[in-house]
Amino acid sequence: MKMESSLILVGLLLASSFSFSKACPNGLLENVDFPGSDITFLYSPSVEHCQQLCTQHPACLFFTFIRPDWTSDNRHFYCYLKSTPSGQPSSQTPLLGVTSGFSLKTCNPEPRPCFSQVFQNVDFFGADYRTLFTPDIQECQRVCTQDPGCQFFAFMKEDHPIHNIRFKCYLKFSWSVPRTPIVEKKAGVTSGFAQKTQQTQELDTRKQISRAKTFFPNTDIPGSNLEHQKSVSVEHCQVLCSAHPKCTYFSFSSDDFECYLKNNLNNLTVKPKDGITSGIPAHFCQLDDSTHHHYEGVDFRGSDIRFELMDTAELCQLKCDEDPNCQFYTYVDENFSDRAAWRRCYLKRVITMPAPPIVNKQASVVSGFSLRDCRTSLA
């Protein structure tokens, strides 16, 4: 009888959540699973962080988070992002150790959410770019907050079993500026970025970069590759390099829109190469708004939130600016091969909040996030 009452209560909670989910579905359902309908999974240290990941993922409408008290297997801190055509879970099941909920896309979400909680005996593994020793967790978090490249950190406590890394503070990076995962040449489309999109970190606005001094046309800097990303222009490539704390210079290929970020603090050796433009980042200077241009004949494929019908690419950009979730867009004009797609304005985004690549249980480790966005939220 007790189990039956619990199931009835769960059913009432679910029905209630569905009734307001189109308004602002910020409620969470403990010990309720939304099985199936997975888009992907990401690691997350808390259900609140998981909900924000779902909010920033372009396609996620609801999620299930596997909590640290889950006992069936080792999938702790898994955040399953989910979607259905109806926007509602296909089914729901009582299940201990999980919490489910909905995207906050309809709630005018903070573009840079604050995560002030620290996580005891939890390691944000990987994504290190700098290490130092600090006397305590508070100082480690302060250093992370003051470093523009740091999004989250891990601190080794004084009782850590490995003696020589006690008091070690690992500063970690994840992308805080929009990346365009797929960039293609295509007739009949125009793409661009929202004017509101913050393309750089906290920069000194009193300075302005001189393009002549930081771009090297028809020049490659071979080797020393850190990673590569898609970018629509050499200016966008410079933005990506400037945002990454380990990027010392870059090379951009206009033929395939590849942006090669490089790391070498000792040498910069160039060689002539057609179609390649190389350059230097602008870590502490204000970049111009070249990334706000329209790019005709370029498709930012994927990462769609939705599409609306608009008359021009300029109106499409305005629509992207008006939508708090939109970071970039692609507009389809009457030169496109498929008439059914004409006038479609595709609004797009990617995750730009701090996102540890792996979250593990680990004794004598404390992890947390930069408080930079918390100061912004309180301002």
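## C114 and C374

C114 and C374 form a disulfide, with 2.0 Å between their sulfur atoms. This is a predicted model, so keep that in mind as you read on. The torsion about the S-S bond of C114 and C374 is about 90 degrees, so this disulfide is right-handed. The pair links distant parts of the chain, 260 residues apart: C114 sits in the loop between β5 (93-102) and β6 (119-125), while C374 belongs to helix α7 (residues 372-378).

How exposed are the two partners? C114 is partly exposed, at 34% relative accessible area, whereas C374 counts as buried at 8%.

## C50 and C79

Another disulfide joins C50 to C79, their sulfur atoms 2.0 Å apart. Here the pair links helix α2 (residues 47-56), which holds C50, with strand β4 (residues 78-82), which holds C79; these are distant parts of the chain, and the cysteines are 29 residues apart. With an S-S torsion of about 80 degrees, the C50 and C79 disulfide is right-handed.

C50 is buried, with a relative accessible area of 0%, and C79 is buried with a value of 0%.

## C237 and C259

C237 and C259 also form a disulfide, and their sulfur atoms lie 2.0 Å apart. C237 is in helix α5 (residues 234-243) and C259 in strand β15 (residues 258-262), so the pair ties together parts 22 residues apart in sequence. The torsion about its S-S bond is about 80 degrees, so the C237 and C259 disulfide is right-handed. Both cysteines, C237 and C259, are buried.

## The overall count

How many disulfides are there? The count comes to 10 disulfides.

Note on methods. Residues are numbered from 1 along each chain as its sequence is written. This is a predicted model: local features need pLDDT of at least 70, side-chain atom pairs count only at pLDDT 80 or more; totals for chains, interfaces and linings use all residues. Side-chain values use heavy atoms; hydrogens and water are left out. A disulfide is a pair of cysteine sulfur atoms within 2.5 Å. Helices (H or I, at least four residues) and strands (E, at least two) are DSSP runs, numbered from the N terminus. Buried means under 20% relative accessible area, exposed over 50%, partly exposed in between (1.4 Å probe, protein chains only).
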